[in-house]
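This briefing concerns a predicted model. Please consult the sequence and the structure shown here before reading the points that follow.

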Amino acid sequence: MRKKIVAGNWKMNKTPSETKAFAEQFKAILPKTKWCDIVVCVPTVDLSAAVRAFKDSRIAVGAENVYFEKSGAYTGEIAANMLLDAGCKYVILGHSERRAMGETNADVNAKVLAALDNGLIPIMCVGESLEQREAGITEEWITMQIKTGLASIGEDKIRKMIIAYEPIWAIGTGKTATPEQAEEVCEHIRAVIRKLYGAKVARAISILYGGSMNEKNAYDLLAQPDIDGGLIGGASLVPEKFVKIIEAANQPTI
Ligand code: PEP
């Protein structure tokens with residue numbers, strides 16, 4: 001049975017002091033969550049404040065990027081073992097905002113491998129632009145992103161991963177995919193995984209939807225059979241909104 005996962009992506013928001021204040025408010029209103037795992041992915045500079053603030057809670061901390069090299073002369077970059085040692089459990093990889101800054105599918109693949117080799121759980125993002133959707137090539141595009149992102153990743157490793165479907169046109173725009181649109185692509189992602197790794201792996205892997213998910217649309221999106229949770233940007237910055245999405249995800253799977 002796949003557990004639901006709700007992961008926040010703070011992007012470039014909140015200072016370490018604001019992280020501490022958020023954690024206090026968030027923990028105070030968070031209900032018991034039996035059917036849902038919670039992750040908060042924060043800017044690197046906030047990691048230590050987040051790890052400290054969420055210690056002894058069921059909230060895991062994640063990073064928003066990693067570098068694929070192990071160590072060396074890469075000024076400004078952070079290696080996977082550093083994130084693990086800092087208390088990170090998850091890392092978002094291949095977010096469209098990073099791809100827009102020049103990250104390639106090969107980079108995403110190298111980062112996924114580095115994360116897995118160091119025991120981090122990658123949340124690998126894929127998604128189409130509005131032009132690609134309108135041109136009718138969404139499935140082809142997503143298939144290519146999945147196949148290249150997962151190159152050289154064997155069955156033992158894929159089981160430790162999460163995939164997030166994030167249509168670029170829905171991120172930070174307030175334009176959510178309809179539950180049917182989101183389900184269609186998440187179902188397709190599962191079919192691609194089935195072809196690559198077999199039915200057992202496809203049944204077990206968690207696929208999240210991300211793109212303007214909020215406290216109002218979360219119930220319908222999360223009720224879809226192939227949507228196992230959400231990657232949440234804007235709404236994860238506000239404890240009350242983030243908690244409402246978690247409540248929507250915290251439902252027993254039938
Ligand atoms: C995101 O950044 O991954 C995201 C889904 O953002 P938003 O929820 O703000 O659209």
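Helices H1 and H2 are roughly parallel to each other, a description that applies to angles under 35 degrees, whereas angles over 145 count as roughly antiparallel, 65 to 115 as roughly perpendicular and the rest as oblique. The model is predicted, so that local features need pLDDT of at least 70 and side-chain atom pairs count only at pLDDT 80 or more, while totals for chains, interfaces and linings use all residues. Residues are numbered from 1 along each chain as its sequence is written, and side-chain values use heavy atoms, with hydrogens and water left out.

**Packing of H1 and H2**

- Helix H1 covers residues 16-29 and helix H2 covers residues 47-54; they pack at an angle of about 25°, and their axes are 8 Å apart.
- Helices (H or I, at least four residues) and strands (E, at least two) are DSSP runs, numbered from the N terminus.
- Axes are lines fitted to C-alpha atoms, for helices over the stretch in contact, and angles run from 0 to 180 degrees between N-to-C directions.
- On the H1 side the contact (heavy atoms within 4.5 Å) involves Pro16, Thr19, Phe22, Ala23, Phe26 and Lys27, and on the H2 side Ala49, Ala50, Ala53 and Phe54.
- Of the residues in this contact of H1 with H2, eight are nonpolar, one is polar and one is charged.
- In this classification Ala, Val, Leu, Ile, Met, Phe, Trp, Tyr, Cys and Pro are nonpolar, Asp, Glu, Lys and Arg are charged, and the others, Gly among them, are polar.

**Packing of H7 and H9**

- Helix H7 (residues 138-149) packs against helix H9 (residues 179-197) at an angle of about 45°, with the axes 10 Å apart.
- H7 is therefore oblique to H9.
- H7 also passes H9 in a right-handed crossing.
- From H7, Thr138, Glu139, Ile142, Thr143, Ile146 and Lys147 meet Glu184, Val185, His188, Ile189, Val192, Ile193 and Leu196 of H9.
- This contact of H7 with H9 comprises seven nonpolar, three polar and three charged residues.

**Cysteines**

- The structure contains zero disulfides, a disulfide being a pair of cysteine sulfur atoms within 2.5 Å.
- For Cys41, the closest cysteine sulfur is that of Cys88, at 7.7 Å, which is too far for a bond.
- Cys41 is buried, with 0% relative accessibility; buried means under 20% relative accessible area, exposed over 50% and partly exposed in between (1.4 Å probe, protein chains only).
- Cys88 is likewise buried, at a relative accessible area of 3%.

**Two further buried residues**

- Ser206 belongs to strand S7 (residues 206-210) and is buried at 10% relative accessibility.
- Beyond its neighbours within four places in sequence, Ser206 is in contact with Arg2, Lys3, Ile5, Met161, Ile162, Ile163 and Asp228.
- Gln132 is located in helix H6 (residues 130-134) and is buried at 15% relative accessibility.
- Residues up to four places away in sequence aside, Gln132 touches Ile137, Thr138 and Trp141.

**Positive phi values in loops**

- Lys11, a residue other than glycine, has a positive phi near 55°, and Lys11 lies in the loop between strand S1 (4-9) and H1.
- Ser212 is not a glycine, yet its phi is positive at about 55°.
- The loop between S7 and helix H11 (218-222) holds Ser212, and Ser212 is buried at 19% relative accessibility.

Terms used: Left-handed = near helix turned anticlockwise from the far one by under 90°.
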